[in-house]
Structure formats: structure tokens, C-alpha cells
Amino acid sequence: MECGQPLGNGRQVPRAQLQGRIDILRAFPPVRALFRLKPLADDFLLCELRLPKRVMALNLSSKHDLAPKMVDCESPTWFFSSNQVQSWVSVVTFGSLLLVPLFLLCMLPVWPVTPRNFQPTIKISGFDLLQAWKLRRTAAHEAAEGRFDEALGSWRIAIANNPGDPELLRGCLQHLLRAGDVKKYSSAAVGYTAWLLRLTKTNMADLELSAKIYETYHLNDFIVYTLSPHEDQLTPPLQSAYLKAVFNRGENSRFISQWEQFEHDGAPLNEPELALFHAAYLAGWASGSKSMEGQERLDRAKRIPALAALAHHLQLKVSEQLAQVDVYQHSLAFLHARDSDTLTDHIGLWRLLATLGRSAEAARFMQTRLQVPASGGEAVLLAKTYFDLGYTEDAREILKRYAPDFDNSEAVWLSYANLLIEQKRWDDLFALALQLRHEAHPLRDLLQGYSYYLQGVAEVWRGHHHSAREAFQKLYQAKIRNRIWELSAAETIESLGFSDIAQELLLNIQKDVPKTPEYWMLLARTACETKEPNVLVSALAAAYKLRPDDELVINNYAAALLSTHQRPTEALRLTRKVIKRSPDLPSSKINYCLALLQNAEIPGAETVLKSINPSQLVETELASYHMAGLELSLKQGQFGRARQHSEKIDVQYLFPTERQWLQQARQQLNAHEARNS
């Protein structure tokens, strides 16, 4: 627009005034930088320039001719109508409202990635999903370039971003199968394998992958523990892995039993390596022609390059079984020359020499040991060998030294704890208990309950009984419970004087442990200590059903019935059975006397009671003896003698039902004495 030109009404705007307005307009950001204006619409508003709406008065053919010119100008936002401004504000506001939840969905952990009903439920953010996807591609690229450690690091970070994706775990485990130093990566392999099996509920494909991992890392215990619950459903590769692991663990009877079961079910057991394991079993544990056949098959395999190393490894086990030192050393030399020998192989030689009385020679070999344990199981075996040969301090130092290296091995920590208990190193045991619960420990959840048990044991022997009780009571807080182990722990806790905690623990695991006579007798013992008659009777009744001919069970069951005044006829039958077997046993006589009294056979009860010498009784028996004397005296009306028996009863050895009966008997005595005073 030319400034100073006449407008439609003939009035001119002073150039200076118009130039000032234009300068003000140019001070604002140009609209085209934000929106790139197009030809203006009919409602273009020029009022902000204080120009009349009759643009036809300009020296332009139409208002549309004005648009291109305005596009080329630095146009301020003032050129929008109020409706257009409101529209843009609405768009921006609505877009912001959409972006906020999208941002939150990307950044907050709201996406569940674990299966339904899986505990713990894990949620991640959209950003975590993207990161895991990118890191998975990075790991594959690094692995293809031969950068093993970098690729493993990417896999691990990817899993940390999305721990609920089984494909990430499978990819990582496939990568770990190519590891050169299995000892270095053992902890990671075990941890990721266990997590995968938890996520996928041990489907067969993942079981096969897990078995490959465990075989590669020489973790025979893990193979057996993982596959034994699925013996009837194993695929041929899993059957092979299972049988090999069982044999390598030294469970030869189980090996042949499972072999015959698989064979009966039609399983193909013709894999060359697996067949060689069967030959080794025949050579070492069969007899006659079968043993010779097995040895011949082993010898033939030694001449086959692909099977020679395995054949010599199996020969070591056969020679150890048959005490063939020379044959053992020959095969060990073969393996050593090819760098295929293991520490376990050398330990076998030491143990064989010690068994044959050549301990000094075994000790010389031990002192020249160069190899270090390659697994937790091997560390335990090494420590056990030192312990068995009398080097107990060395055994403890071995476990202390290698436990951090194999912190994922339950066997290492359990063996170390047992050795500390054996050596009564209570401060070290307390420190170990705390170490097991450290937040960085890989078995923290698995061994949490066990750590509280160890802490309680240590505190008892350190003289801190209150702290010991608190530690034992925390056994129930463990995230992962081991019911079979807790049964053993309950026995120790009971023996340390915490019968109430032991009983609570036994009742808590009652549905999940085998109901053996030992379990019921232990439960009965805790009930006896805590003076809970109902638990006592039910536990001993269950033990009696399992062992109806066990004299100790019969006598204890009868005593429980008598102390609670339950089923007197049954109690009399049981005590008669016991008295026939042990007529001179004081406890048998006392129980028989009480049973006769509860069945109103007074003369017989008097005869039995007179045959007992109270000076030969222990305190618990003495309390029962005087209870019988009190009851007999009351029934015979001999209140003076009844008073004498009453005053000699130590109530701390009585059950609540017995104390209640004693209280009633004393009230009867008091009433009689009051009437005759």
C-alpha cells in the first residue's frame, strides 16, 4: 500500500502518523512465521489499522487483491478475528489436554507386563517398553559383531526395563549358551532361567531351554530339581538331560530306576552320549557279564574322538566305585592332557585315596591344587572333602571365600551355615544371617526365612533369648516358604526351648509336609511343653495310626488320654499293652495305675502304685505318681494320705486339665477338713 494516498472519502492520512503505526505493527512477531498465511477470507478485519471496511475504495480491483500483498508483509496476530483467535486457543487447549494423558501413559508405570494372577504384579511405562525394544535390537547387533559382554549388558538392561517379556529372557538365555567362561556368567544364567520358568509356568519349550542352560553351566542339581516334578511328561531331550544329571549327582539307583521307567514307556534312549551313561552304570554297579559289557562299551568309546572325553569322565566314576586307583589316575591324566579335567575329577581321586587309607598322599595332592571351583556345588564338594579329611578350618575358609562368587547357590550358603553351627561360631553365624537378607543378595527372598532361623540360633547361644524369640517369630514373614525345611527348623527351635513357636510353625505347615510319625511326635512334644492337651492328643492319635506297634508312641498316646481324662477305656487298653512289654518301667506303671483309677478298678490300681519306688522317679514322673496317689486316696476315703500326696505335686508339670482336676480335689479335701474341724 502506498502511504499518503487518498482514501475513498478523499481524506489523506499523514505519512508520519501512518508510518508510526506501521512501525508498531512490525514490532510484533510476524504471523507467517507461525501459520504461513493464505489468501484472506471475506471477513478480514482491518479495523485494527483504523482503516475503513470499504476496501473497494483502494486502488485495488478487489479485497482479494489485498491478500497477496498482506502475505508478503510482516503481519501481526492482530489481523485475526476474535473468532479465529478463540478457535486457535481451543485447539491448543484441547491438544494440551490430549498430550497430558499421553505423556503420563508414556512416563508412568501403568502397563502390566506379567501374567494374570502372577505375583508380584509388575507394571512399566511406555518409555520402558520402547527402551526394551531398542535394547533388544542393540543386543542382537552387538552379538553379531562378537561383542559378547556388551550384548549381554544390553540384554540385561532390556530385561530390567521389561521383566515380564519372556522373549527378552529367552533371547538373553540363548546368548548365555554361547558363553566361554561359564563360571563368570553362572549367576545370571540361573537367575534368568528361574524367572522365565516362573513367568511361563514351566512349559516344555522353556524347560528344554532351561535344561540346556543348566547342562552348559554344569548345574546338575538344578536340572534334577526343575525336571523331577515333570517326570511323566518329559520330552526325549529332557529325559536325556534328566538321566545324565541324576547319574552325575551320584544317584545311581535312581538313575537305573528312571531309565527302566522311561524304557518301559517307550522312550527312545539311543542317544550316543546317554547310552554311554548307561554303559558306565553297568560297568560300575551291575555284576557279572553286564558289568563286563558296560566296561567294554566304555573302552570302545574311549577310541572315538567325539566320545573319548565323556568316556574317560564316566570311567572316573566307575573307578571310584570299584576303588581302581590306577585306572582312575590314567583317565584323569588323559583328561588333564586335553585340558578337560575338572576340580571334581581331582577331588574324586583325593577321596578315593583317603578311602583306601592313603590320606597323606591325598593331602599332598590337595596342597598342590591349582583349580578353583567352577560352581557352587563344586565349592561345597571341595569344602566337604577338606572337612572329612580333618581340615575343618580350611573347609570353612573355602566356603567363606567362594560363597560370594556363587551367591546364587543355595547349597553353598546352607553348607556354610551348617559348618558355622558345627564349629559354634555364633558371631559369624549372626553376620551370615544378616548377609542373606541384604537387599543385593540374589537369594534374599528364597532364604529370608532361613536367615531368621540362623539369626535366632545365633542369638540363643549368644545369650540374647528375647532377640532370638523375635527372630524365630519372623519366619512367617518370608516371601517364599520352604515347608520341608521348616519342619527341620521346628525341631531345632523346640529343642532350644521355644516350643510355642515350634508348635505354631508345625501347625502352619501341616497341610504341606508329609505326615510322618516323626512330624506328629515332634508336634506332640511341642504340645507337651506348651501344655496344650488337644493338640497333644490329636498329634499322638495320628502318630499311633501310623505306628500302632511302636511302644513309645503307644505309651505317649495313653498318657495324653489320661492327662486329659479322655476315652479311659482306650487308655486302659493301651497301657495294658505297654505294661506287658515293659513291666518294670516306672512310667508304664504310673500310666497303668492312672488308667485303672479312671476305669474304677481300685484294687488293681493300689497294687500297681505300691510297686513303684518314688525315689527312683524323675520330677515329671513324680508329679504323675502323686496325682495317682491323690486320686487313689480320695477314692478310698483316706484324706490324710490324700493331703500328703497333694502337697507333693509340682503343678508346673501338669496340663490345664490336670490342674483343674487337682483344684477340685483340693477343694474336696478342704471341705472334708472343714466339716471335721
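Helices (H or I, at least four residues) and strands (E, at least two) are DSSP runs, numbered from the N terminus. The model shown in these views is predicted, so that local features need pLDDT of at least 70 and side-chain atom pairs count only at pLDDT 80 or more, while totals for chains, interfaces and linings use all residues. Residues are numbered from 1 along each chain as its sequence is written, and side-chain values use heavy atoms, with hydrogens and water left out.

Figure 1. The protein contains 35 helices and 2 strands. Of its 677 residues, 42% are buried, where buried means under 20% relative accessible area, exposed over 50%, and partly exposed in between (1.4 Å probe, protein chains only). The exposed surface comes to about 36200 Å², with carbon and sulfur atoms supplying 53% of it; accessible areas come from the Shrake-Rupley method with a 1.4 Å probe, and for residues only the protein chains shown count as cover. Among contacts (heavy atoms within 4.5 Å) between residues at least 6 apart in sequence, 53% join residues at least 24 apart.

Figure 2. A polar atom of the Ser 563 side chain lies 3.0 Å from the backbone oxygen of Ala 560. When neighbours within four places in sequence are left aside, Ser 563 is in contact with Leu 536, Phe 655, Thr 657 and Glu 658.

Figure 3. Thr 226 is found in helix H10, residues 220-227, and is buried, its relative accessible area being 14%. Its side chain has a polar atom 2.6 Å from the backbone oxygen of Phe 222. Apart from neighbours within four places in sequence, Thr 226 is in contact with Leu 197, Leu 207 and Tyr 214.

Figure 4. Side chains of opposite charge can pair when their charged atoms come close. A salt bridge here is a side-chain nitrogen of Lys or Arg within 4 Å of a carboxyl oxygen of Asp or Glu, and the structure holds 27 of them. In one, Glu 293 pairs with Arg 297, with 3.8 Å between the closest N and O atoms; both residues lie in helix H14 (residues 288-302), 4 residues apart, which is about one turn of the helix. Glu 293 is partly exposed, at a relative accessible area of 38%. In another, the side chains of Glu 393 and Arg 396 meet at 2.6 Å, N to O, and these two residues of helix H20 (residues 392-402) are separated by about one helical turn, because they are 3 residues apart. Glu 393 is partly exposed, at 42% relative accessible area, whereas Arg 396 is buried, at 6% relative accessibility.

Figure 5. Arg 462 forms a salt bridge with Asp 427, and the closest N and O atoms are 3.1 Å apart. Arg 462 sits in the loop between helix H23 (448-461) and helix H24 (465-473), while Asp 427 is in helix H22 (residues 426-436), so the pair ties together parts that are 35 residues apart in sequence. Arg 462 is partly exposed, at 29% relative accessibility, and Asp 427 is exposed, at 52%. Elsewhere, a network of salt bridges links Asp 221, Glu 231, Arg 249, Glu 251 and Arg 254.

**Figure 6. Two separate nonpolar cores.** A nonpolar core is a set of buried Ala, Val, Leu, Ile, Met, Phe, Trp, Tyr and Cys residues joined through side-chain atoms within 4.5 Å. The largest has 104 residues, and those with the most contacts inside it are Leu 429, Leu 432, Tyr 453, Leu 454, Phe 472, Ile 493 and Phe 498. Helix H28 (residues 533-546) gives the most to this core, contributing 9 residues. A second, separate core has 66 residues, including Val 113, Phe 118, Ala 189 and Leu 197.

**Figure 7. Two loop residues with positive phi.** Ala 323, in the loop between helix H15 (305-322) and helix H16 (325-337), has a phi near 60°, a positive value in a residue other than glycine, and is partly exposed at 38% relative accessibility. Asp 339, in the loop between H16 and helix H17 (343-355), likewise is not a glycine and has a positive phi of about 55°; at 69% relative accessibility, Asp 339 is exposed.

How values were computed. Polar contact = N/O pair within 3.5 Å; in protein donor to acceptor, adjacent residues only side chain to side chain.
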